[in-house]
Amino acid sequence: MSDISVSLAGVHLETCIFNASGPNDVLLEELEIIARSKSSAVTMKSCTLEPRKGNSEPRYADLELGSINSMGLPNLGYKEYIRFSKVLKSKYNKPIIASISGMSLRDNVTMFEAFNDSEADIIEFNPGSPNTIGRPTMGYDFEYLEQNLREITKICRKPLGVKLPPYFDFVHFEAVAEILKKYNVRYISCINSIGNALFIDPIKEQTLIKPKGGFGGLGGKYIKPTSLANVRKFYELLDEKIQIVGCGGVYTGVDVFEFILVGASAVQLGTVFIQEGPSCFERVQNELHAIMQKKGYESIEDFRGRLRIIE
Ligand code: DHB
C-alpha cells in the first residue's frame with residue numbers, strides 16, 4: 001500500500017487528511033468523535049478569550065454543492081481548549097491542532113502565551129473569519145496581519161500555522177507571501193471560506209441564514225477552484241520552508257490528489273465532514289490510496305507540486 005503519511009510543521013501525521021477547524025469541533029464530545037475517526041489530527045474550533053454563543057440561528061445551511069455559514073465564532077473560550085488538549089492527548093495520543101482567533105492583538109498574545117502550556121502539537125492562527133459581526137476579515141488588513149504575526153511569533157513556542165482567507169489578485173498573494181516569509185510560520189492553510197456569499201430560497205423569497213442579512217462564508221465544491229488557486233500561487237511564491245495545507249472543497253481522493261499536485265502537503269476536510277460524518281476520513285484515504293496505486297506513486301513526495309502547465 002502507498003505511504004500517505006506526511007510531516008507537517010515537524011509533526012508526523014499518519015495520513016495527509018484531517019479535519020478543518022470549524023465544523024463539529026466546539027465540544028469535547030465532538031472532538032472525541034474526530035479523535036476516534038481516521039482523521040490524522042484533531043483540529044479544534046477557533047477560540048477567543050471569552051466564551052461566545054455565536055450568531056443567531058439559522059446560521060448554517062447545506063447547499064447542493066457545499067455550505068454557507070455565519071456561525072460567529074461560537075466557542076467555549078480558550079481555557080477550555082487548553083484543558084481539552086490535555087484530555088485528548090492522554091486518551092487518544094493523536095496530534096492536536098489548536099486554533100486561535102482573538103478579537104484583538106492583546107487577546108491573541110494572551111492566548112498564545114497560555115497555549116505554550118497546552119498539549120497542542122501545532123497552533124493555527126486564524127485571521128480569516130468573515131463572520132464576526134462588525135469586524136472586517138483580519139487577513140485582508142495586511143498591516144494588522146503583520147503586527148499580529150510579529151507579536152505572536154515572539155511568544156509562540158509551538159509550531160505555528162496560519163489559516164488564510166482566500167485571495168484573488170496576484171498583488172495580494174505577493175504582499176501576503178512577503179509578510180509570511182519574515183516570520184517563523186511553518187505552514188499556511190488555504191483557504192478559509194469565501195466570505196459574504198449570499199444564497200436565497202426563491203420559493204420562500206428569503207435568505208437561508210439569519211445573521212448579517214443572510215451573508216455568510218461559502219464552503220464546499222463551489223470554492224475548490226479558488227482553494228486550488230490559492231495553494232498553487234502560494235506554492236509558487238513561498239520557499240519550501242513554509243508548507244501548505246489545502247482546505248476548501250476537498251470531498252474525494254481525487255480532490256486530495258489535485259491539492260497535492262499543486263503543492264499542498266496535507267488537506268483539511270470541512271463541509272464534507274459536516275455532510276457525511278466522521279467516516280469521510282477513511283473513505284477519502286482509501287480513494288487516495290487507489291489513485292496513487294493506479295498511477296504508480298508510492299509516497300506524497302513522489303508527485304507533490306509536480307503540476308504540468310499545458311503546452
Ligand atoms: C467562523 C467562521 C470562520 O470561517 C472562521 O475561520 C472562524 C469562525 C465562525 O463563524 O464561527
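Predicted model: local features only at pLDDT ≥ 70, side-chain atom pairs only at ≥ 80, totals over all residues.
**Salt bridges.** I then looked up individual pairs. Asp255 bridges to Lys224, with their closest N and O atoms 2.7 Å apart. This pair links distant parts of the chain, since Asp255 belongs to helix α7 (residues 253–261) and Lys224 to helix α6 (residues 224–237), 31 residues apart. I checked the exposure of both partners: Asp255 is buried at 8% relative accessible area, and Lys224 is buried at 15%.

Lys224 also meets Glu258 in a salt bridge (2.9 Å, N to O). Glu258 lies in helix α7, 34 residues from Lys224. I noted Glu258 as partly exposed, because its relative accessibility is 25%.

A further bridge joins Arg304 to Glu240, with 2.8 Å between the closest N and O atoms. Arg304 sits in the segment after α9 and Glu240 in the loop between α6 and β15 (243–247), so the pair ties together parts 64 residues apart in sequence. Arg304 is buried, with a relative accessible area of 11%. I also recorded one network, in which shared partners join Glu32, Arg36 and Lys91.

**Nonpolar core.** I turned to the largest nonpolar core, which has 92 residues; Leu149, Leu180, Ile188 and Phe234 touch the most other members. Helix α9 (residues 280–295) supplies the largest share, 6 residues. Beyond its neighbours within four places in sequence, Phe234 has contacts that include Leu164, Tyr167, Phe173, Leu180 and Ile188.

**Largest pocket.** I found about 730 Å³ of space in the largest pocket. Its lining has 43 residues, and Ser21, Gly22, Pro23, Lys45 and Asn69 are the closest to the centre. Strand β14 gives the most to this lining, 4 residues. By class, I listed 17 nonpolar, 21 polar and 5 charged lining residues.

Conventions. Residues numbered from 1 in each chain as written. Heavy atoms only, no water. Core = buried A, V, L, I, M, F, W, Y, C linked by side-chain atoms within 4.5 Å. Buried < 20%, exposed > 50% of the residue type's maximum accessible area, 1.4 Å probe, protein only. Helix = DSSP H or I, 4+ residues; strand = E, 2+ residues; numbered from the N terminus. Contact = heavy atoms within 4.5 Å. 1 Å grid on protein atoms, 1.4 Å probe; cavity = no way out; pocket = protein on both sides within 12 Å on 5 of 7 lines; lining within 4 Å. Points joined across faces, edges and corners; volume = space filled by probe spheres on them. Nonpolar A, V, L, I, M, F, W, Y, C, P; charged D, E, K, R; others polar. Salt bridge = Lys/Arg side-chain N within 4 Å of Asp/Glu carboxyl O.
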